[in-house]
Amino acid sequence: MLFELAEQAKKEVSKYCDDYEIYVDKMELLQLDSQKSDLNFAKEENTLGLGIRVIKDGKVGFAFTSDMDKIPRIAEMAFENSKLNEKDENFAFAEEEKLPKIENTFDKRFKELELEEITSSMKDFLAIIDDECCKATSGGFSAAEGETLILNSNGVSAYDKSTGFAIGVAVNAEANGEISTSYDSVSSCLYDLDSDKLAFDVCKLAKSSLNGESIETTDMDVIFDYHAATGLLSTFLSGFSADSVQRGRSLLADKLGQNIVSENLSIYDDGTYDGGLNSGVCDGEGTASKRTTLVENGVLKNFLYDIYTANKANNSDLEDSNLIKSTSNGFRSSYAGTPSVSASNVIFDFSEKSEIDEIKNGFLATDVLGAHTANPFSGDFSVEVSNGFKITDGEVTKPVKKAMISGNIYSLLSNCEAIGDETKQRGSFIIPKILVHDLRVIGN
């Protein structure tokens with residue numbers, strides 16, 4: 001179906017210009033939400049949409065629709081919209097190239113899923129939480145299958161198909177009038193979610209957080225668990241965007257070739273990562289997915305580019321290379337939007353690893369609140385810790401009632417290492433637990 005629609009759009013848009021891009025997006029979604037222990041919302045949703053971009057006389061135009069009967073009109077609108085914009089030589093469409101083969105991003109079992117089966121599984125999941133003497137406050141399960149096709153006037157014809165599954169829950173635990181909360185989730189491209197383990201783990205965390213003690217304000221070793229690390233690193237990631245660099249919004253703008261983090265840390269953006277939540281054969285422009293080294297042994301090596309920012313870099317005096325190409329990081333949220341620079345799967349690779357039993361006096365931050373308030377330019381942050389614990393003589397001991405952590409993300413990553421070998425994907429990040437030395441922990 002997608003190819004037929006794209007060919008129809010190609011026929012229509014070719015009446016107006018020779019430089020075009022057609023993006024077709026189809027998605028099937030199953031979703032089940034709960035409030036407390038009740039399943040109160042379920043839906044099955046199918047969406048299909050098409051977007052057309054054109055470049056005419058150096059001006060870009062865009063239009064989209066979810067009504068396939070309107071393809072002729074959308075082709076005309078994209079052309080007419082181009083007349084309203086200013087000429088910009090940096091716009092271009094992807095060139096034809098070999099696409100990589102990506103493993104473990106599609107599960108045919110999606111087609112076998114039924115709402116009845118999901119409902120039964122969620123009831124069993126919530127029953128475990130009740131049996132563990134916790135109360136679910138909210139939660140949900142979702143499963144989706146997506147197809148995309150990008151066809152353009154340069155010969156690109158890039159088709160991809162993927163699936164995604166996720167389950168998450170927030171719970172309360174109560175003892176002697178005191179309430180503690182916790183949240184966790186798991187997600188995968190494959191239908192292999194261990195919901196039982198999630199239920200047990202999130203309840204254990206909530207119950208372990210009861211009867212918290214105060215902590216003194218001091219500098220100490222801090223372990224950021226996966227959710228906590230992801231919260232802080234999201235702000236740090238914006239500094240690698242070529243768009244941020246070119247707009248003067250990145251502290252990294254003039255630091256290529258310089259040390260910006262610990263020498264034991266390398267960072268990669270990899271859209272070809274097997275099983276990666278953001279993996280695919282290409283980005284949202286049709287540029288073949290690839291692995292980009294952002295940081296190598298602490299040294300800044302590259303930024304993230306889409307086609308527009310790569311051309312802008314080559315056409316300006318801000319960067320001294322004429323060989324910059326898209327790093328395959330031009331993504332779009334749907335057919336209704338145009339591409340912009342975004343990360344795929346960001347891998348934090350540490351050459352040095354420690355174990356928790358090596359920490360004499362430290363602090364474990366399971367999650368943080370307020371990470372969105374961090375300064376994306378300077379990297380300064382001050383966040384509240386959720387489900388924090390003291391570490392004494394290599395063991396996680398007492399829960400901490402209330403604490404904050406403040407510092408600078410660049411300084412933090414200049415003095416850090418991995419805890420253990422296990423990595424997990426949370427959002428865009430594929431990371432281990434991260435140990436940071438001499439970080440300010442603020443007690444109540």
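Q: Why is Y159 called partly exposed?

A: Partly exposed is the class between buried, under 20% relative accessible area, and exposed, over 50%, with a 1.4 Å probe and only protein chains included. Y159 has a relative accessible area of 31%, so it falls in that middle class.

Q: What kind of model is this, and what counts in it?

A: This is a predicted model, in which local features need pLDDT of at least 70 and side-chain atom pairs count only at pLDDT 80 or more, while totals for chains, interfaces and linings use all residues. Residues are numbered from 1 along each chain as its sequence is written, and side-chain values use heavy atoms, leaving out hydrogens and water.

Q: What makes up the secondary structure of the protein?

A: There are eight helices and 20 strands in the protein. Both are DSSP runs numbered from the N terminus: helices are H or I over at least four residues, and strands are E over at least two.

Q: How do you know whether the protein is as compact as a globular protein of its length?

A: Compare two numbers. The radius of gyration, taken over C-alpha atoms, is set against a globule rule of 2.2 Å times the number of residues to the power 0.38. For 444 residues the rule gives 22 Å and the protein has 24 Å, which is close, so the protein is as compact as a globular protein of that length. Its C-alpha trace spans about 75 × 55 × 35 Å along the principal axes, and buried residues make up 50% of the 444.

Q: What share of the contacts joins residues at least 24 apart?

A: A contact means heavy atoms within 4.5 Å. Taking contacts between residues at least 6 apart in sequence, 72% join residues at least 24 apart.

Q: Why is the pair of F3 and Y159 called tilted?

A: The structure holds eleven aromatic pairs. The ring centres of F3 and Y159 are 5.7 Å apart and their planes stand at 40°, so this pair is tilted. The rule is that rings of Phe, Tyr and Trp (its six-membered ring) pair if their centres lie within 6.5 Å; planes under 30 degrees apart are stacked, over 60 edge-to-face, and the rest tilted. F3 sits in helix 1 (residues 2-13) and Y159 in strand 5 (residues 157-175), 156 residues apart, and the pair links these distant parts of the chain. F3 is partly exposed, at a relative accessible area of 41%.

Q: What makes the pair of F348 and F429 edge-to-face?

A: Their ring centres are 6.0 Å apart and their planes are at 70°, so the pair is edge-to-face. With F348 in strand 13 (residues 346-350) and F429 in strand 20 (residues 429-443), the pair ties together parts 81 residues apart in sequence.

Q: Are F348 and F429 buried or exposed?

A: F348 has 4% relative accessibility, so it counts as buried. F429 is also buried, at 2%.

Q: Which residues do ring pairs link into a cluster?

A: The cluster consists of F110, F141, F165 and Y191.

Q: What makes the phi of N104 worth a look?

A: Most residues other than glycine have a negative phi. N104 is not a glycine, yet its phi is positive, at about 60°. N104 is found in the loop between helix 2 (71-82) and helix 3 (115-131), and counts as partly exposed at 44% relative accessibility.

Q: What is the phi of N387, and where does this residue lie?

A: N387 also has a positive phi, about 55°, without being a glycine. N387 is placed in strand 16 (residues 380-392) and is buried, with a relative accessible area of 11%.

Q: Why is D269 called buried?

A: Its relative accessible area is 1%, so D269 is buried. D269 lies in strand 8 and, not counting residues up to four places away in sequence, touches several residues, including K290, R291, L304 and N345.
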